[in-house]
Amino acid sequence: MKISFVTITVKNMKESIKFYTEIIRLDLLKSFSPQPGINITFLKGKDGGMIELIEYEDSNEENSKSIVSIGFSIDDLDEEIKILKEKNISIIRGPVKVPSGERLLFIE
């Protein structure tokens, strides 16, 4: 498996993009809103590593918690699901298909 990205929940997307592009000098890869009130931005480093920023416009207590997740790229998601189930690893969400076409799932 290869680490693809790390996810960070942010309070202000505009300021966070400014920080990561101007200070850290990451390149803005893509921004989108998968559903109302949620904004996602991917930034990419020169070495290919990515950071995913997520902003919840309705910052209730649940959404304001600090969340960090690590995204791994794998060759075969369906095979990986079989392995996770065999090892009694709980899938807490997914698989889901994101707007760019990739499929992903969340485990705890």
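Where does Glu 108 lie?

## The segment after strand S7

In this predicted model, Glu 108 is found in the segment that follows strand S7, which spans residues 103-107. Glu 108 counts as exposed, because its relative accessibility is 80%, and the cut-off for that word is over 50%. Between Glu 108 and Ile 74 there are 34 residues along the chain, and their C-alpha atoms are separated by 17 Å.

## Two salt bridges

Side chains of opposite charge can pair when their charged atoms come close. In this model the count of salt bridges comes to two. One of them joins Lys 46 to Asp 27, with 3.2 Å between the closest N and O atoms. Lys 46 belongs to the loop between strand S3 (38-44) and strand S4 (50-56), whereas Asp 27 belongs to strand S2 (residues 27-35), so this pair ties together parts that are 19 residues apart in sequence. With a relative accessibility of 71%, Lys 46 counts as exposed, while Asp 27, at 41%, counts as partly exposed.

Asp 78 forms a salt bridge with Arg 103, and here the closest N and O atoms are 2.9 Å apart. This pair links distant parts of the chain, since Asp 78 sits in helix H2 and Arg 103 in strand S7, 25 residues apart. Asp 78 counts as partly exposed at 43% relative accessibility, and Arg 103 counts as partly exposed at 41%.

## The two sides of helix H1

Which residues of helix H1 are buried? In this helix, made of residues 13-23, they are Met 13, Ser 16 and Tyr 20. Because these residues cover an arc of only 65° around the axis, they are placed on the same side of H1. On the face of H1 that is turned away from the buried side, one finds the exposed residues Lys 14, Glu 22 and Ile 23.

## A patch of negative charge

Glu 86 also has a place in a patch of negative charge on the surface, where it gathers with Asp 75, Asp 76 and Glu 79. Asp 75 is located in the loop between strand S5 (68-73) and helix H2 (77-86). Is Asp 75 buried or exposed? Its relative accessibility is 88%, and therefore Asp 75 counts as exposed.

## A nonpolar patch

The surface also has a nonpolar patch of about 520 Å², which is made by Ile 3, Val 6, Val 68, Ile 70, Phe 72 and Ile 74. Strand S1 (2-10) and strand S5 each supply at least two residues of this patch, and S5 gives the most, with three residues.

Val 6, which lies in strand S1, counts as partly exposed because its relative accessibility is 30%. Ile 74, another member of the nonpolar patch, is the residue whose C-alpha atom is separated by 17 Å from that of Glu 108.

Conventions. Residues are numbered from 1 along each chain as its sequence is written. This is a predicted model: local features need pLDDT of at least 70, side-chain atom pairs count only at pLDDT 80 or more; totals for chains, interfaces and linings use all residues. Side-chain values use heavy atoms; hydrogens and water are left out. Patches are made of residues with over 30% relative accessible area and no salt bridge: like charges are joined within 9 Å, nonpolar side chains (Val, Leu, Ile, Met, Phe, Trp, Tyr) within 5 Å. Accessible areas come from the Shrake-Rupley method with a 1.4 Å probe; for residues, only the protein chains shown count as cover. A salt bridge is a side-chain nitrogen of Lys or Arg within 4 Å of a carboxyl oxygen of Asp or Glu. Lys and Arg count as positive and Asp and Glu as negative; His and the chain ends are not counted. The place of a charge is taken as NZ of Lys, CZ of Arg, CG of Asp or CD of Glu. Helices (H or I, at least four residues) and strands (E, at least two) are DSSP runs, numbered from the N terminus. Buried means under 20% relative accessible area, exposed over 50%, partly exposed in between (1.4 Å probe, protein chains only). The arc is that of the directions from the helix axis to the C-beta atoms.
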